[in-house]
Amino acid sequence: MAARTPSSFLINRKTLLILILPSLTFYSIFFIYPIIMNVALAFTNRSMYHFYEYDFVGLANFVEMLSSADFYTVMGRTFFWVVCTVFLQIGCGLFFALFFTSPHLKGRGIYRGLMLLPWAFPNVVMILVWRGMFNPSFGVINVLFGTKINWYNSPEYAFLMTQVINIWLAYPFLMLLLTGAIQSIPTELSELAEMFGCSSLQKLRYITFPLVKPILSYGTLLTSGTAFMQFPVIWLLTRGGPGNATDIIMTWAYKEAFYSQRFGYHAAIAIFASLISLIFALFAIKRGGVLEGIK
Amino acid sequence: MQQYSEKNPELLLEFHHVDDLPEKLKLAVPAGVGPDFIRWAHDKIGEFKLLDLIVPIEDYISPEFKKQIPDYIWAAVTLDGHIWGIPETAESVALLYNKDMVSAPPATMDEMIAIMRQYHDPAAGKYGLSYPANVYSISCFIHAFGGYYYDDARDKAGLNDTGTIKGVQYLFEKVKPYMLDDLDYGAQAALFAEKKAPLAINGPWYFSVPTDAGVNWGLAKLPTISGVGPLKPFMGVQAFMVTKNCKDIGATVKFLEWITSPPVSVDLSVVTGNLPVNLGALEDSRIKNDPIKSVLAEQVKDAIPMSKKPEMGPVWGRGYDALNTIWAGTKSIVDGLNEAQKLVEEDIRKMHE
């Protein structure tokens with residue numbers, strides 16, 4: 001007799017289907033349906049001037065995107081932005097996770113709670129607060145460091161500013177994820193290692209890292225996806241400026257398509273960006289063993 | 001409202017505040033639901049017309065009412081030879097001056113520059129002018145030199161028009177040196193409210209800020225550039241527009257004429273603080289003797305209505321980006337505006353494809 005899994009032991013398939021039906025319905029209406037509509041839109045010329053009656057234009061929108069010189073500049077910058085974001089966010093998340101799981105630190109629960117605060121506030125509000133802090137004339141950042149930098153007028157500083165804020169917004173999630181992973185490592189392993197005379201660094205290298213690696217790759221996957229499709233951080237801080245020095249794919253798409261209200265074209269760029277993101281994800285799953293972390 | 005309902009019991013009047021009205025209208029009106037009329041800024045008329053959401057109403061407007069609204073206001077709601085709305089209120093930027101710092105407001109730019117120079121001292125945190133410079137608010141300089149952003153009549157963008165370039169150059173040469181080097185609205189607006197600047201260029205949405213901060217301020221018309229002409233700001237007109245769903249356009253327009261005429265429009269103005277556009281309302285002592293509204297009424301006479309066409313969308317966006325780039329110093333005025341014009345023309349071309 002085949003072994004029974006717990007679910008089939010308690011309920012049959014039909015009951016299972018009925019139970020997931022409500023969430024499946026909502027998921028379909030609010031998630032799957034818009035995606036399908038968006039894909040369909042990408043192959044049309046729907047715009048302000050073709051709002052009710054629009055035509056199927058095949059791959060014209062994609063061709064237009066790929067034949068724009070700016071597209072390649074922006075894609076290059078977007079990759080750079082993603083790489084910076086992933087390294088720095090994971091780095092910060094891992095650092096704080098290690099720090100706050102250290103058995104020598106007293107009151108770490110409280111610190112950890114405080115460190116999670118950026119996550120508790122709505123992103124848009126926090127971005128606007130940061131914008132005030134980076135304000136060249138009365139912002140606290142210049143006062144704090146005794147600098148007179150106009151963060152919005154220089155391409156390099158503007159990029160740095162958006163990175164700092166982007167990291168600040170996202171590190172709590174990674175910290176939480178990695179804290180869970182680190183805490184699930186059996187203490188016996190660490191004690192054993194100590195008995196064999198391992199240093200802290202060796203413990204980190206040979207015990208902690210290999211055991212949190214699946215979670216780490218899972219975090220990388222999520223972070224790169226959101227970084228690639230990032231919009232509010234750039235838009236609310238610099239609007240891609242000065243010039244287009246901080247434009248990444250989504251802000252560029254907005255300018256290209258929404259200043260002139262061309263919905264079909266925007267859908268095409270968005271779908272292209274999603275596909276790139278998906279390729280990232282597939283690569284990470286195949287090479288990085290990401291799914292081990294979710295299992 | 002109640003008054004009108006009592007006199008016209010056959011009409012059922014209901015008013016709703018709807019967030020994000022234009023977007024909701026696009027869904028509701030084609031589906032045959034939604035309001036009989038709406039109140040919105042005139043610059044959306046082109047989009048509403050294009051999407052077939054509103055109807056022209058010139059045939060329903062009574063000749064007496066037609067005469068009660070000045071032509072420069074009718075111009076704001078007229079597109080392609082048709083009237084698309086009943087104008088209710090108008091607004092534009094004007095010059096605010098701190099009465100404790102400036103005895104009389106400057107009538108010319110030369111006088112204004114002298115005042116700005118006198119107070120400008122960035123080291124002490126003081127500036128000559130509080131001016132949240134953006135595409136909308138700097139239009140007064142562009143229009144003064146005969147420049148324009150988008151000409152509805154000629155269907156042409158004018159970001160690199162000679163007048164536009166001259167206007168921006170004038171702003172950067174003569175005015176920017178007395179400003180805080182920061183385009184942030186809040187940073188600029190705070191200067192006048194905190195008495196760190198004797199003058200401000202701002203609009204009615206801002207007036208309560210210096211008042212609440214205890215600034216003893218007055219309003220004046222924007223100055224004149226000697227040998228060039230007066231600064232002409234953009235004007236926005238709030239208008240009632242009749243939707244395609246309206247079952248009785250005649251009765252609706254009749255009601256809209258009533259609500260935008262005195263004494264109702266004056267009563268409304270007292271509550272909302274907005275400037276009515278009906279000539280009768282402007283003659284009412286409650287408006288004529290109001291030190292703010294009377295000046296604003298003069299200022300809008302010199303104003304240019306914002307473009308009503310969807311083609312203005314790319315101009316707002318590309319213009320914003322260009323202004324920030326020029327302000328940051330990464331591009332010259334001429335290069336920045338030429339480039340923006342090219343992008344706008346491209347955007348508009350693709351818009352029509």
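Reply: Here is a walk from the whole chain down to one helix, and then on to a strand elsewhere in that chain.

A word on the ground rules. This is a predicted model, so local features need pLDDT of at least 70 and side-chain atom pairs count only at pLDDT 80 or more, while totals for chains, interfaces and linings use all residues. Residues are numbered from 1 along each chain as its sequence is written, with chains lettered from A and ligands numbered from 1 in the order in which they are written.

Let's start with chain B as a whole. Its secondary structure comes to 17 helices and 15 strands (DSSP runs numbered from the N terminus: H or I with at least four residues for helices, E with at least two for strands). The radius of gyration of chain B is 21 Å, close to the 20 Å that the globule rule gives for 353 residues, so chain B is as compact as a globular protein of that length. That radius is taken over C-alpha atoms, and the rule is 2.2 Å times the number of residues to the power 0.38. Buried residues make up 47% of the 353 in chain B; "buried" means that 20 or more other C-beta atoms, placed from the backbone, lie within 10 Å of the residue's own.

Chain B is divided into domain 1 (2–91 + 235–305) and domain 2 (94–233 + 310–352), with bounds from an automatic or database domain assignment. Taken over C-alpha atoms, the domain centres are 28 Å apart. As for touching, 17 residues of domain 1 are in contact with 16 residues of domain 2, where contact means C-beta atoms, placed from the backbone, within 7 Å. On the domain 1 side, helix 15 (293–301) and helix 3 of chain B each supply at least two residues, and helix 15 of chain B has the largest share, with four.

Now for the part I picked: helix 16 of chain B. (The expected span is 1.5 Å times one less than the number of residues.) Helix 16 of chain B is mostly covered, with 15 of its 17 residues buried. Just after this helix comes B:G329, with a positive phi of about 85 degrees.

What does the helix have to do with chain A? In total, 26 residues of chain B are in contact with 21 residues of chain A. On the chain B side, two or more residues come from each of helix 3 (45–50), helix 16 (312–328) and helix 17 (333–352) of chain B. Helix 16 of chain B gives the most, with eight residues.

For contrast, look at helix 10 (residues 187–195) of chain A: of its nine residues, the number buried is zero, so it lies largely in the open. A:G197, which follows this helix, also has a positive phi, near 80 degrees.

Back in chain B, strand 4 (residues 86–91) is mostly covered: six of its six residues are buried. Five bridges join strand 4 of chain B to strand 13 (residues 234–242) of chain B, and the two run antiparallel; strands pair if DSSP finds at least two bridges between them. In this pairing, B:I86 stands opposite B:F240. Strand 4 of chain B also pairs with strand 14 (residues 275–276) of chain B, in the antiparallel sense over two bridges, and there B:A90 stands opposite B:L275.

Definitions and conventions
Buried ≥ 20, exposed ≤ 12 C-beta atoms within 10 Å, placed from the backbone. Contact = placed C-beta atoms within 7 Å.
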